[in-house]
Amino acid sequence: EVSTLAGSGAVGSPPKDGKGAAATFYYPTGIDIDHSGNLYVSDRVPARIRRVSAEGDVVTVAGGTEGNADGQGSKAGFDEPCGLALGKAGVVYIADRNNMRIRAMTSAGLVSTFAGSFGGHQDATGTNAKFFYPMDIAADATGTLYVADMLNHRIRTIATDATATTLAGQAAKGQTDAKGAGASFNGPSGLDVDAAGVVWVSDTGNH
C-alpha cells in the first residue's frame, strides 16, 4: 500500500517547508533514514537537504542556493546534491555531484567537505581526492563509505579518515565481470551495501 508522507505533487520552486501536503519538493533525488525514523532527502535542483519526520513535518536542514560553501544551515551551498547516506554519530554524507565532492552534514545542519576537490580521478585523503560526478553513496556498519563515481566508471570507498580508494572499475567504460580494476562499468549511478558487506550497483549505461 502506497501513501504520501510529504509533498503535494506541485513543483516547489522554491520548495516550501511544512507538514504533509503543505510541503513541496523540487527533484528529490536521494533518501535515507536515521535511527529515530527521520528521513533525509536531497532536494537536488534547489540544492537543499531536507528532513522529514515520521509524521511528515518537512524542514530544510542545510543549503538553499547553488554553490560550494561549507557552513551552517542556509550558509552552506551545494550544486545538485544526489545520493546521501547516514553514517556514524548521525552524520549525513552527501554526494554533491556537480561540485565533485563528498560533503558531511551534522544533524544540526553544519556542512563540511569530507573528500574531493576538482573533477578527476585520484585516490588520496580528504580534498586531495578527486571524483567525477559522484552520484550515490552508502555507508556500512563500520562507517566506510561507498561511492558510485559515475563518469569515472568506478566504485570508490572512503575510510573514516577520509581516505578515498578505488574498489572496482577502470577508466574505460565497459561491461566486464572481474575483480577490482579488471571490472568495468558504464556510468554507475546507484548503490547500496548489505549486512554482509556486498555492494550492489545499478550500472546505468549497461542497462
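**Close-up 1. L86 sits in strand β7 (residues 81-86).** Strands here, like helices, are DSSP runs numbered from the N terminus (E, at least two residues, for strands; H or I, at least four, for helices). This is a predicted model, where local features need pLDDT of at least 70, side-chain atom pairs count only at pLDDT 80 or more, and totals for chains, interfaces and linings use all residues. Residues are numbered from 1 along each chain as its sequence is written, and side-chain values use heavy atoms, with hydrogens and water left out. Is L86 buried or exposed? L86 counts as buried because its relative accessibility is 16%; the cut-offs are under 20% relative accessible area for buried, over 50% for exposed and in between for partly exposed, with a 1.4 Å probe and protein chains only. Skipping neighbours within four places in sequence, L86 is in contact with D32, I33, D34, Y40, V91, V92 and A139, contact being heavy atoms within 4.5 Å.

**Close-up 2. G87 lies in the loop between β7 and β8.** G87 counts as partly exposed, because its relative accessibility comes to 21%. Residues up to four places away in sequence aside, G87 touches Y93 and A139. A47 is 40 residues from G87 along the chain, and their C-alpha atoms are separated by 21 Å.

**Close-up 3. The largest nonpolar core has 17 residues.** A nonpolar core here means a set of buried Ala, Val, Leu, Ile, Met, Phe, Trp, Tyr and Cys residues joined through side-chain atoms within 4.5 Å. Which residues have the most contacts inside this core? They are Y93, I102, F114, F131, I137, L145 and I158. Two or more residues each come from β8 (92-96), β9 (101-105), β10 (110-115) and β12. Zoom in on L145 and, with neighbours within four places in sequence left aside, its contacts are Y93, I102, F114, I137, A138, A139, R156, T157 and I158. There's also a second, separate core of 13 residues, with Y40, V61, A62 and V92 among them. In soluble globular proteins, nonpolar side chains tend to be buried together.

**Close-up 4. Four strands make an open antiparallel sheet in the order β11-β12-β13-β14.** Strands count as paired if DSSP finds at least two bridges between them. At the edges are β11 (134-139) and β14 (164-169), each pairing on one side only. On average, neighbouring strands of this sheet are turned by 25 degrees against each other, direction ignored; axes are lines fitted to C-alpha atoms (for helices, over the stretch in contact), and angles run from 0 to 180 degrees between N-to-C directions. β11 pairs with strand β12 (residues 145-149) over five bridges, in the antiparallel sense. D136 has A148 in β12 as its bridge partner.

**Close-up 5. Strand β13 (residues 154-158) is mostly covered, with five of its five residues buried.** On one side are R154, R156 and I158, on the other I155 and T157, and both faces are covered. β13 pairs with β12 in the antiparallel sense over five bridges, and V147 has R156 as its bridge partner. Antiparallel pairing over five bridges also links β13 to β14, where I155 stands opposite A168. What about the hairpins? The one of β12 and β13 has four residues between the strands, and H153 takes a positive phi near 55 degrees there. In the hairpin of β13 and β14, with five residues between the strands, A162 takes a positive phi near 75 degrees.

**Close-up 6. Another open sheet has five strands, in the order β1-β5-β4-β3-β2.** Its pairing is antiparallel, and its edge strands, β1 (18-19) and β2 (28-33), each pair on one side only. Strand β3 (residues 39-43) pairs with strand β4 (residues 48-52) over five bridges, in the antiparallel sense. L39 has V52 in β4 as its bridge partner.

**Zooming back out: the protein chain has zero helices and 16 strands.** Of its 207 residues, 48% count as buried. The C-alpha atoms fill a box of roughly 50 × 40 × 30 Å along the principal axes.
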